[in-house]
Amino acid sequence: GFHPGSALVNYLEATLQIPSAPFPVSVTICTPRIVRVRLGSETPGVSSYLPARAWTTVVYASHPGPPTHVDTGELTLSMTQDDVVFGDRNGIARLRLAIDQTRLLPRLLVRLQIVGEQHFYGLGEGGPQFDRLGSVRRLWNFQVNRGQGADIAIPLLLSHVGYGVFFDSSAAATVEPGDATDGAWIEYRSEAGPLDLYFIGGTGLREVLGEVATLLGRATMPPRWSLGYMQSSRHFNDADEVRDLAEQFRTRRLPCDTLIFLSTYGDARGWNRGVGHLEFEPHLFERPDDILAGFRDRHFRVVTHEYSVLHTGSPLFAEAETKGYLLDVAYPRLAPAHAGTGMHGAVNYKEGQRLLDFSRPE
């Protein structure tokens, strides 16, 4: 471990380069408790979760190496061309980034050695809960087989000894036990590189989570109306039933502030003509302004739901296709939703529906 002592020099420069590493590696002192290690010469770009920002100047102590020692007063670093060892404010080593066993191409592999006994939390919702040590975690957000369970991955690991590691990449990746004969290792594998890896120090998990908020942003408190029960449905027969929904809640004095109208899907009719359309369903919402005004008069918030697709029959489809807003991915070709049912209006052809490309800023 590194213990502060004599022959230390105070520096203001934010970024240090690690010479003679197998690929470009730089270390940026973002705050006394947050350090960024950039693996590769390029920034993560569109795969980054974080907006570009300029960190304020940090005064820290540095002792030239090898190994080079850094002390911010809140955490310590020991750096060579082969590794970066992260330590707490007392110089006790907690995690080792093995540069000599990390590779960028053809597929990113980052190897982290756990120093001493530790247990981990984080990585989002999904997979084994609580201790993540020794588990395999796929970092990719998806809804399992279109069922009720969603897998929300967050590339953040928190150690019970008081630090966190954030992998700043939204690309598909895995975190799994490392293949090593000695000690405990964590391997991060991804299809995309380079990578910004953040080490977040503190004296305990509460303090570390405060620094995580500094890095990732603080959660916006939701409005009060969103905290209670929300009525959600796409099963309506006519406009009278839609209007009566609000009446029943208020007459029966059931606590509800939000009505969610799902999109028309199959034989179930909702607010619009069908999946991939932005026009109101004409039989349920023949005069949508009046219906929505009635909900507001009874103090309901109204939320409409739609999948991230456009139907070929939508008036927006031609413009979206011309401007390249659509991905070359479509729903499978299915029969019309109400074929042979005698129902009219909410025709839901899935043929030709294209997913929207939300990576396009425009």
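Visitor: How do you know whether Ser20 is buried or exposed?

Guide: The model shown is predicted. In this model Ser20 has a relative accessible area of 61%. A residue is called exposed when that value is over 50%, so Ser20 is exposed. Ser20 belongs to the loop between strand 2 (15–17) and strand 3.

Visitor: What is noted about the backbone of Ser20?

Guide: Its phi is positive, at about 65°, although Ser20 is not a glycine.

Visitor: Is Leu123 buried or exposed, and how do you know?

Guide: The relative accessible area of Leu123 is 2%. Buried means under 20%, so Leu123 is buried.

Visitor: What makes Ser26 count as buried or exposed?

Guide: Ser26 has 9% relative accessibility. As the limit for a buried residue is under 20%, Ser26 counts as buried. Ser26 is part of strand 3 (residues 25–31).

Visitor: Which residues are in contact with Ser26, leaving aside its neighbours within four places in sequence?

Guide: They are Thr15, Leu16, Gln17, Arg36, Val37 and Arg38. To be called a contact, heavy atoms must lie within 4.5 Å.

Visitor: How many of the residues of the protein count as buried?

Guide: The figure is 43% of the 362 residues. The protein has four helices and 25 strands.

Visitor: How do you know how the span of helix 2 stands to the expected value?

Guide: Helix 2 (residues 239–251) has 13 residues and reaches 19 Å from its first C-alpha to its last.

Visitor: Which residues of helix 2 are buried, and what do they pack against?

Guide: Ala239, Val242, Leu245, Ala246 and Phe249 are buried. The buried residues of helix 2 pack against strand 20 (230–233), strand 21 (258–261) and helix 3 (288–297).

Visitor: What caps the N-terminal end of helix 2, and at what distance?

Guide: The cap is Asp238, which has a side-chain oxygen 3.3 Å from the backbone nitrogen of Asp240. Just after helix 2, Arg253 takes a positive phi of about 55°.

Visitor: What is the order of the open sheet of three strands?

Guide: The order is 23-25-24, and the pairing is antiparallel. Strand 23 (309–310) and strand 24 (326–330) each have a single partner strand, so they stand at the edges, and one side of each is left without a neighbour in the sheet.

Visitor: How do you know that strand 23 and strand 25 pair?

Guide: Strands are said to pair when there are at least two bridges between them. Strand 23 and strand 25 (residues 354–356) have two bridges, in the antiparallel sense. Val309 stands opposite Leu355 in strand 25.

Visitor: What kind of peptide bond runs from Leu105 to Pro106?

Guide: This bond is cis, with omega near -5°. Pro106 is in the loop between strand 9 (93–98) and strand 10 (108–114).

Methods:
Residues numbered from 1 in each chain as written. Predicted model: local features only at pLDDT ≥ 70, side-chain atom pairs only at ≥ 80, totals over all residues. Heavy atoms only, no water. Buried < 20%, exposed > 50% of the residue type's maximum accessible area, 1.4 Å probe, protein only. Expected span 1.5 Å × (residues − 1). Polar contact = N/O pair within 3.5 Å; in protein donor to acceptor, adjacent residues only side chain to side chain.
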